[in-house]
Amino acid sequence: MTHGRSKAGSLAGGNDAGDACNGSEEQLLRCTADNWCVINDGTAPPTIVMGVSGRVSELVKIQAVLQDQVPVVRRFSGGGTVIVDQGTVFVTVICNKAAVAGLQPFPRDIMSWSGQLYGKVFDRFGEFHLRENDYAFSHRKFGGNAQSITKNRWVHHTSFLWDYDVKNMDYLKIPKRAPEYRLARNHTDFLCRMKEYMPSRSIFTDGVIMALGEHFSVQPTDLQTVLSDDEEFVPSTKLLSQHDLEEIVYSKESLRV
Amino acid sequence: MAMAASSRLLWASRAAAYLRISTFPRAFSTVLKDLKYADTHEWVKVEGDSATVGITDHAQDHLGDVVYVELPEVGVSVSQGKNFGAVESVKAASDINSPVSGEVVEVNEKLSEEPGLVNASPYEKGWIIKVKLSDSGELNSLMDDGKYSKFCEEEDNH
C-alpha cells in the first residue's frame, strides 16, 4: 500500500489473439492476489468474442464465419458479442474487492465506478456518457463492457472501438437483448469510432493510466513475467473449433459449447 | 394514531413470526428464519444430511435481472466457500459459492429455461442445487437470519 492506496500493475498485453488475451486475464483474476490494469492494443486476426452465455446461432452468422474461418472465442465474463480486430483496444481492470473503499462487488456498482473513472478520460474529447452498460459519445457507443465477479475479486473489461472495419460487423446478427437506447439502429448508426474524437491511441491509454492513478499507485509490468506456467489452472475461456461451430449449425443449438 | 401504529406493528410482527419471516425496521431485502447464510450471500436450508442452496434476496436485488445460470453437474463435489457455478446478470458473470461441503444430488433444471426464477423467488422456486452434506459442523460458521440482516445493512451503508 502506498499513501493508503492500493497498488495496481499495468500490463501492456501487446497484440494477442482473443483467446490468449482473455485466458491471461482469467488467470490473473483467479490465480493472483494483485490489482491489475491490462491494456491490449488490437487483435489479429479479426476474432468474434462472446460472453459466457451467448447462444452462437442467435448472435453470429455461422455459415459466413465458417466460410471465412473467423475465430470465435467464448470468454469467461458476461455481456454481449463483439468482433475485435486491429482497431480494438481492450482495457481490463482486475481488483480485489477491498481495493476501492466503499465499492460493493456487484455489477451495477462496478459499472457506475467505471463510468466515473472513464469520464475523467473522455470528458474533454466528447459528450461522454455511461448509457446503460456502454460508453458512448452522445448516443453512439464506442465501448462495450463485461464483468466477472468472484468471491473476493472482480474484473471489469471494456472493448474500445478506436476504429473498426464495417465489413466485420456483417458476421454479427443484431442481438435480441439490446440496450434500449440502441432503438433498433444497425451497427453503423449505433457505433462510433474513437479516432474521430481523440488525436491518438496513446493519449487514450495514457489517460486511462492517469485516471487509475487517482485510485491506485500504478506500476508498469510485463505480462509474461507475471503469468507463471500454472499447469493446474484451466481457463474456461475457449476458442470454439470448426467442429463446435458445425455441430451448432446441425443441432440448431440444443447443446452449448 | 400512536396506539393504532403500535397495534399494526404488533400484528405485523406476529404475522411475520407465524410466516417465519424476519422483520427489521430498515430491512429492504427479505431474510428468512430457519435458513443459514454465507457472507457471499448464499442461503442454505438443512433437512437432516440434505441441504438446498440458493442466493439471497439481497444478492438477486444487487445483481439485477438474471439471464443465465451456470449449473454444476449432478455428482460433483462442492466445498464450503468455493465456487460451484455462476449467474449472469446485466453484463456480469458472478460466481456462486457453496455455503456447505458435500455432493451435488440435484440441480434446478428449470433455471435453464427460466433464470428469472432466481429474482422472482430466490428462496423457493429459484433454488439452485441440493447437496448431500459431508460435514454438518460447517453450519456453525454460517450466519443466522439476524446476523445476516445486520451484515447486509452494514454492507449497504458502507
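**Entry 1: A:Pro105**

I began with A:Pro105 and listed the residues it touches, leaving aside those up to four places away in sequence: A:Lys97, A:Ile110, A:Ile149 and A:Trp154. I note at the outset that the model is predicted. I then looked up where A:Pro105 sits, and found it in the loop between strand S6 (88-96) and H4 of chain A. I also checked A:Arg153, which is 48 residues away from A:Pro105 along the chain, and the C-alpha atoms of the two are separated by 7.7 Å.

**Entry 2: The contact of chains A and B**

I turned next to the contact between the chains. How many residues does each chain give to the contact? I found 25 residues from chain A and 25 residues from chain B. Together the two chains bury about 2,000 Å², and 50% of this area lies on carbon and sulfur atoms. Which three residues supply more of the area that chain A buries against chain B than any other three? They are A:Phe106, A:Arg108 and A:Lys151, with 27% of that area.

I then looked for polar links across the contact. I counted twelve residue pairs in polar contact between chain A and chain B. Helix H4 (107-122) and strand S9 (140-149) of chain A each supply at least two residues of the side of chain A that touches chain B. The largest share, five residues, comes from S9(A).

Between chain A and chain B I recorded one salt bridge. A:Arg30 forms it with B:Asp95, and the closest N and O atoms are 3.0 Å apart. I reminded myself that side chains of opposite charge can pair when their charged atoms come close.

**Entry 3: Strands that pair across the chains**

**Entry 4: A hairpin in chain A**

I followed strand S7 (residues 128-131) of chain A to strand S8 (residues 134-137) of chain A, and found antiparallel pairing over four bridges. A:Arg131 has A:Asp134 in S8(A) as its bridge partner. The two strands form a hairpin with two residues between them, and A:Glu132 in the turn has a positive phi of about 55 degrees.

**Entry 5: The sheet of chain B**

I traced an open sheet of six strands in chain B, in the order S1-S2-S3-S9-S8-S5, with antiparallel pairing. Why is one side of strand S1 (36-37) and of strand S5 (77-78) left without a neighbour in the sheet? Both stand at the edges, each with a single partner strand, so one side of each has no neighbour there. Inside this sheet I looked at strand S8 (residues 102-107) and strand S9 (residues 129-133) of chain B, which pair over five bridges. B:Val104 stands opposite B:Val131 in S9(B).

I consulted the UniProt record, an unreviewed entry, which annotates residues 50-132 of chain B as "domain: Lipoyl-binding". Over these residues I found 18% helix and 43% strand, with the end C-alpha atoms 5 Å apart.

**Entry 6: Salt bridges over all chains**

Lastly, I counted eight salt bridges over all chains. In one of them the side chains of A:Arg201 and A:Asp41 meet, at 3.0 Å from N to O. The pair links distant parts of the chain, 160 residues apart: A:Arg201 belongs to helix H7 (residues 201-212) of chain A, and A:Asp41 to strand S2 (residues 35-41) of chain A.

Definitions and conventions:
Residues are numbered from 1 along each chain as its sequence is written. Chains are lettered from A and ligands numbered from 1 in the order in which they are written. This is a predicted model: local features need pLDDT of at least 70, side-chain atom pairs count only at pLDDT 80 or more; totals for chains, interfaces and linings use all residues. Side-chain values use heavy atoms; hydrogens and water are left out. UniProt positions are given in the numbering used here, feature names are shortened, and annotations may be inferred rather than shown by experiment. Contact means heavy atoms within 4.5 Å. Buried area is the accessible area (1.4 Å probe) that two parts lose on being put together, summed over both. A salt bridge is a side-chain nitrogen of Lys or Arg within 4 Å of a carboxyl oxygen of Asp or Glu. A polar contact is a pair of N or O atoms within 3.5 Å; within protein, one must be able to donate a hydrogen and the other to accept it, and residues adjacent in sequence count only if both atoms are side-chain atoms. Two strands pair if DSSP finds at least two bridges between them.
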